[in-house]
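Here is a short report for a first look at this structure.

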Amino acid sequence: MRPVSVKSSDTESRVKALVPSATVEQCRAGDRDAFHALFEACRERVYGIAWYFVSDENAAKDVTQDVFLKLLLHLKEFRADSSFDTWLYRLVVNCCMDEHRRRRRIVPLWMDPRTHSVEDGQASESSYGRKEIAVAVQAAVRKLKPKFRIPVVLRYVEELSYQEIAVALGCSEGTIASRLNRAHRALARKLGHLVGSKALGRRSCGA
Amino acid sequence: MWRRHIGEDLVAFCEGDLDGELANRIEEHLRVCRRCRKEHEQVSRGVFLAKHLSRPTSSTLSWSEVEQAIRDEYDQTGHEAFDSTRRLSSPWLRPAIFAATCLTIVLIGSFLYRSRRHSGVNLDTYLARVETAASGHPEEAILAAPAGFQAADEQAALRAAAVEHVAAQPPLVGYSLVQRYVLRVGGAEAVQLGYGNGSDFFSVFVAPREVPFSFGKREIEPVELNGIQCNEVSCPRTSTLLFSAKRFHCVLVTRSKDKETLAAIVRYFLSAHETWRPS
């Protein structure tokens with residue numbers, strides 16, 4: 001598959017490193033305070049990804065806790081010559097996939113109110129505020145297959161570049177582009193009625 | 001104009017992330033390709049929707065909860081969650097410390113072994129006792145063992161003193177072996193052999209040369225005894241001679257001052273040791 005040609009700025013990390021390398025080194029040395037700092041720096045991001053993979057807030061907290069537990073257990077395996085952020089995202093994705101596989105066999109007793117779907121509604125963008133659209137999109141994304149959901153979350157929630165997503169998922173940038181394409185078309189099929197034609201341009205489709 | 005379809009680049013195109021030339025070529029393609037135009041419309045809607053995504057926040061997830069979970073997990077495995085002593089991060093430090101520890105153990109072991117080996121046999125107290133008893137019952141004092149010496153089997157004592165092969169002939173005619181003691185020093189043995197004829201007694205201490213004899217602050221002077229080089233330990237009332245053969249050295253303690261007698265005893269042991277061969 002042909003690599004995606006994007007502007008050079010996109011190949012660089014869009015976000016500043018989550019954790020300074022010195023803190024990571026201190027964590028590897030077993031420093032409790034450093035691990036606390038690492039937790040505070042990363043917890044919202046980890047929780048944010050986990051939330052898109054499980055049905056409720058408590059489950060997302062469990063996954064987040066699991067991520068930090070595994071992080072501490074496996075931090076010695078992290079090689080300092082690679083990016084800690086990418087390594088962390090990969091760990092989060094693996095934990096999320098484990099949780100997804102575990103929960104496939106469990107019928108949820110209730111759903112988070114934020115996941116209540118509106119995708120079947122016939123209302124247009126004019127009758128929805130931005131917040132309502134966001135809730136609907138979140139619900140729709142959470143129903144995507146994991147292999148399409150993960151790139152969308154990493155791209156639009158975590159604002160990672162194609163390159164970073166590819167490293168985190170262990171696949172090529174072309175694969176990421178292809179999965180994002182299919183994910184967007186799926187979103188459009190489910191929630192296209194929320195999008196007014198005026199909102200769409202050719203080069204920039206931003207809200 | 002491209003003949004191939006552009007689905008793979010559509011997301012980046014819609015996000016405005018493609019450079020000018022590539023974006024222009026895609027626009028050109030979209031003008032002529034109905035299939036890609038339809039796909040572009042769908043992707044554009046998807047990108048528009050996806051940009052509404054945001055990160056949910058969790059104010060309820062606290063460090064204390066995570067820390068407790070970590071500690072519980074580690075309690076089950078029996079390990080420490082956080083190492084207060086700070087684990088060593090350098091890959092060379094652990095082997096270096098291991099090597100240093102081994103070296104220290106070897107050095108301490110060697111020091112202890114050598115110190116035991118060379119602690120030797122202290123005859124100062126024994127000679128003091130012989131001196132004070134010289135006018136009373138000197139023979140008992142001469143034949144009495146110094147501290148630490150244990151009574152030993154005759155053959156074992158003669159073997160340790162390396163005179164087993166000449167034991168049939170005593171050092172002096174009319175004398176016999178009446179007492180024998182052994183002291184273990186490191187891996188070696190020091191032996192005391194007491195000889196007597198009923199009225200006169202003498203003791204000879206024999207030890208391998210690596211086991212030194214010590215005499216406290218007593219003076220030691222070289223003397224010549226009928227052509228034999230010896231060292232005399234200062235003991236006014238007795239004759240105490242230190243002499244050495246190839247592998248062993250000996251201390252003779254006797255009341256006799258007769259040089260012929262002393263020389264005969266010394267020669268006996270020197271001769272025995274020169275003809276001795278390790279088994």
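## Aromatic rings

One aromatic cluster is formed by Tyr175(B), Tyr195(B), Phe202(B), Tyr268(B) and Phe269(B). The model is a predicted one. Over all chains, the search of the whole structure gives 15 aromatic pairs. One of them joins Phe39(A) and Phe68(A). Their ring centres lie 4.9 Å apart, and the planes make an angle of 65 degrees. That pair is edge-to-face, because planes over 60 degrees apart count as such. It links distant parts of the chain. Phe39(A) sits in helix α3 of chain A, and Phe68(A) sits in helix α4 (residues 57–74) of chain A. The two are 29 residues apart. Both Phe39(A) and Phe68(A) are buried.

A second example is the pair of Phe84(A) and Trp87(A). The centres of these rings are 6.0 Å apart. Their planes stand at 35 degrees, so the pair is tilted. Phe84(A) and Trp87(A) share helix α5 (residues 84–103) of chain A. Three residues separate their positions, about one turn of the helix. Phe84(A) has a relative accessible area of 6%, so it is buried.

## Salt bridges

The count comes to 19 salt bridges over all chains. One of them crosses between chains, from Glu67(B) to Arg32(A). The N to O distance there is 2.4 Å. Glu67(B) belongs to helix α4 (residues 63–77) of chain B. Arg32(A) belongs to helix α3 (residues 32–51) of chain A. Are the two partners buried or partly exposed? Glu67(B) counts as buried, because its relative accessibility is 11%. Arg32(A) is partly exposed, at 30%.

Within chain A, Glu44(A) pairs with Arg43(A). Their closest N and O atoms are 3.9 Å apart. Glu44(A) is partly exposed, with a relative accessible area of 25%. Arg43(A) has 17%, so this residue is buried.

In chain B, Glu154(B) and Arg180(B) form a salt bridge, with 3.7 Å between the closest N and O atoms. This pair also links distant parts of the chain, 26 residues apart. Glu154(B) lies in helix α8 (residues 154–160) of chain B, and Arg180(B) lies in strand β3 (residues 176–185) of chain B. Glu154(B) is partly exposed at 32% relative accessibility. Arg180(B) is partly exposed too, at 24%.

## Cysteines

Cys95(A) is buried, because its relative accessible area is 2%. Cys102(B) is partly exposed, at 32% relative accessibility.

## Cavity

The count comes to one cavity of 30 Å³ or more. The largest cavity holds about 30 Å³ of space. What lines the largest cavity? Its lining is made of Pro138(B), Glu139(B), Ile142(B), Ser199(B), Asp200(B), Phe201(B) and Arg255(B).

Helix α7 (residues 138–143) of chain B gives the largest share of that lining, three residues. By type, the lining residues are three nonpolar, one polar and three charged.

Terms used
Residues are numbered from 1 along each chain as its sequence is written. Chains are lettered from A and ligands numbered from 1 in the order in which they are written. This is a predicted model: local features need pLDDT of at least 70, side-chain atom pairs count only at pLDDT 80 or more; totals for chains, interfaces and linings use all residues. Side-chain values use heavy atoms; hydrogens and water are left out. On a 1 Å grid over the protein atoms alone, a cavity is a set of points where a 1.4 Å probe fits but cannot get out, and a pocket is an open set with protein on both sides within 12 Å along at least five of seven lines; lining residues have an atom within 4 Å of a point. Grid points are joined across faces, edges and corners, and a volume is the space filled by probe spheres set on the points. Helices (H or I, at least four residues) and strands (E, at least two) are DSSP runs, numbered from the N terminus. Ala, Val, Leu, Ile, Met, Phe, Trp, Tyr, Cys and Pro count as nonpolar, Asp, Glu, Lys and Arg as charged, and the others, Gly among them, as polar. A salt bridge is a side-chain nitrogen of Lys or Arg within 4 Å of a carboxyl oxygen of Asp or Glu. Buried means under 20% relative accessible area, exposed over 50%, partly exposed in between (1.4 Å probe, protein chains only). Rings of Phe, Tyr and Trp (its six-membered ring) pair if their centres lie within 6.5 Å; planes under 30 degrees apart count as stacked, over 60 as edge-to-face and the rest as tilted.
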